[in-house]
Every structure is written in C-alpha cells, then in structure tokens.
Amino acid sequence: MMLTFIGCGSAFHTDLGNNGAFFKADNELFMIDCGSATFHRLVDYQVLNKVTQISVLITHLHPDHIGSLGDLIFYSYFKMVPTFKAKLTVLAPKDVLVEAKSLMRKMGVEDQQVNWLEIGEGGKFGPYDVTPVCVSHADQLNCYGYEFKSKNEYMYYSGDANLIPQAILRKLINNEYDLFFQDTSWADYPGNVHMSLRELTEVVPNDARTTVCCMHLDNGFDLAEARARGFQVATDFLISTQE
C-alpha cells in the first residue's frame, strides 16, 4: 500500500505544504502527522470525501506536524456523519500522547470528541504492524520515527530526524526495507536539526539508495541533485502528482 504525501515541505516551504503522508483502507483515512497547513490541503484535495474514520499517527509536537490537528478533530466530530460522535483516533507513544492530549485540551478539544491510543511495538495502523523508533531532532521534544510492516511491505518513516539510528541504518544497508522515507534538507550547517543531503549521501551506500525517499524538503532543495545521487524525492509521492 503506497503512501501519498499531503505535503512534503519543511515548516517554511509553504509551496509544498507541511510534511505528512496518508493512505486509505475502505472508508478509513490513516495519516502520519497533521501540520498547520494539512487540514486546508485535505479539504482542497477532497481527501476527506466518504471518509468515516480517521487515524492520525504523531511523530512529534512541532506545529508543522500537529498545527491543524485540532481543526481535524473538530471537523470529524461536528461535520462527519454520524455527527457528535468521536471518529478520529490519535496514536503516539505514551510521552507524545500525553503532551498532545494536554495541548488539544488547551485548544478546547473535549474528551468525547476524540479517541487517544498509546502505540508501542506491535501496535496496529491499518494493515501494518508499527514499531516506534526514538530519533534525534529537537532536544526539548520527544520525537519518533516509525517502522511499518505488513505481509508484503516493510517501510521506515523517519519523522523529523537529523540522524538515522544505527539499528535502522543497518537494516537499510542490508536492503531490508521496501521504502525508506528520510527527513532531508539542502541546508547543511553544524547543529542542524534535520539531516542534510550531504550527510545522507555519506551514510547510505550507492546500492542502498534506490529505496530512500527524501522528504521534509526545505526551500532551495535541489531535487535533480538528490535524484542524481540515487535517491527518490517525496514530490513524486505528493498528492498533486497522484491525481
């Protein structure tokens, strides 16, 4: 089952939208993150049409990853049929889930309007078994990537991360993944909270690059250069290219 990106840009690359992906199974929408621009794009691209249930898997709490989660919760509760029943479930490891729940309450989200589900190793997300992976990004936040595994597919989704965890990198080098989505920036400077294309090139051997897709692209990111180095880019999975 292929992920489609509702947006694949960094926080400030508004033309590409906030980075986040989704897939559908029957009438259920499964999303990874819900950034500030995401709800608007979901409506614009009619992704919510005929959807009866929504699951949102959270990587971390930066606004470009959860900024319109409250809007989507309210929409699901008040506008989706049957109205005034919770139809959206937020999934995350316990530390992120507790913080997200507190933040949504401060935005006016009430307990009956949304479901909260802690996810750990062996959790379910549609057809996938999900394993959270702690990643390095922002010191003040708990941040996660995720492994997704089904009978026919094995994927890794980094969330925002400036490093690839060693255990994950070994699997990538051993060609265990079918798709590997990695936060990648054109910007390259000490202390960058995102992984630069240079760093990605240094740690991923040539023969392991074909499954790696660069996402969370910043302004000025050179798509052609990334492809020339053997990587895919998330613009090829972007909803506007899938129509």
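With which side chain does the side chain of Asn162 make a polar contact? The partner is the side chain of Ser136, at 2.8 Å. A polar contact here is a pair of N or O atoms within 3.5 Å; within protein, one must be able to donate a hydrogen and the other to accept it, and residues adjacent in sequence count only if both atoms are side-chain atoms.

Before we go on, a word about the model. It is a predicted one, in which local features need pLDDT of at least 70 and side-chain atom pairs count only at pLDDT 80 or more, while totals for chains, interfaces and linings use all residues. Residues are numbered from 1 along each chain as its sequence is written, and side-chain values use heavy atoms, with hydrogens and water left out.

Let us stay with Asn162 for a moment. You can find Asn162 in the loop between strand E10 (154–157) and helix H5 (166–173); helices (H or I, at least four residues) and strands (E, at least two) are DSSP runs, numbered from the N terminus. With a relative accessibility of 15%, Asn162 counts as buried, because buried means under 20% relative accessible area, exposed over 50%, and partly exposed in between (1.4 Å probe, protein chains only). A polar atom of the Asn162 side chain also lies 3.2 Å from the backbone oxygen of Asn192. Setting aside neighbours within four places in sequence, Asn162 is in contact (heavy atoms within 4.5 Å) with Ser136, His137, Asn192, Val193, His194 and Met195.

Rolling a probe the size of a water molecule over the atoms shows where empty space is left.

Next comes His60, in the loop between E4 and helix H2 (63–66). Is His60 buried or exposed? His60 is buried, with a relative accessible area of 0%. Beyond its neighbours within four places in sequence, His60 is in contact with residues including Asp33, His137 and Cys143.

Strand E4 also holds Leu57, which is buried with a relative accessible area of 0%. Among the contacts of Leu57 outside four places in sequence are Met31, Ile32, Phe125 and Phe148. Phe148 is worth a look of its own: in the largest nonpolar core, which has 79 residues, Phe5, Ile54 and Phe148 touch the most other members. Such a core is a set of buried Ala, Val, Leu, Ile, Met, Phe, Trp, Tyr and Cys residues joined through side-chain atoms within 4.5 Å. Not counting residues up to four places away in sequence, Phe148 touches, among others, Leu57, Tyr128, Glu153 and Tyr157.

Now for some features of the backbone. A cis peptide bond, with omega of about 0°, joins Val81 and Pro82, and Pro82 lies in the loop between helix H3 (69–78) and strand E5 (88–92). Asp26 is not a glycine, yet its phi is positive, at about 55°. Asp26 sits in the loop between strand E2 (20–25) and strand E3 (28–32) and is exposed, with a relative accessible area of 80%. Gln46 has a positive phi near 55° and is likewise a residue other than glycine. Gln46 belongs to the loop between helix H1 (38–44) and strand E4 (53–57), and is exposed at 51% relative accessible area.

Our last stop is Gln232, in strand E13 (residues 232–233). At 24% relative accessibility, Gln232 counts as partly exposed. Which backbone oxygen does the side chain of Gln232 reach? That of Thr210, at 2.7 Å. Gln232 and Thr210 are 22 residues apart along the chain, with 6.8 Å between their C-alpha atoms.
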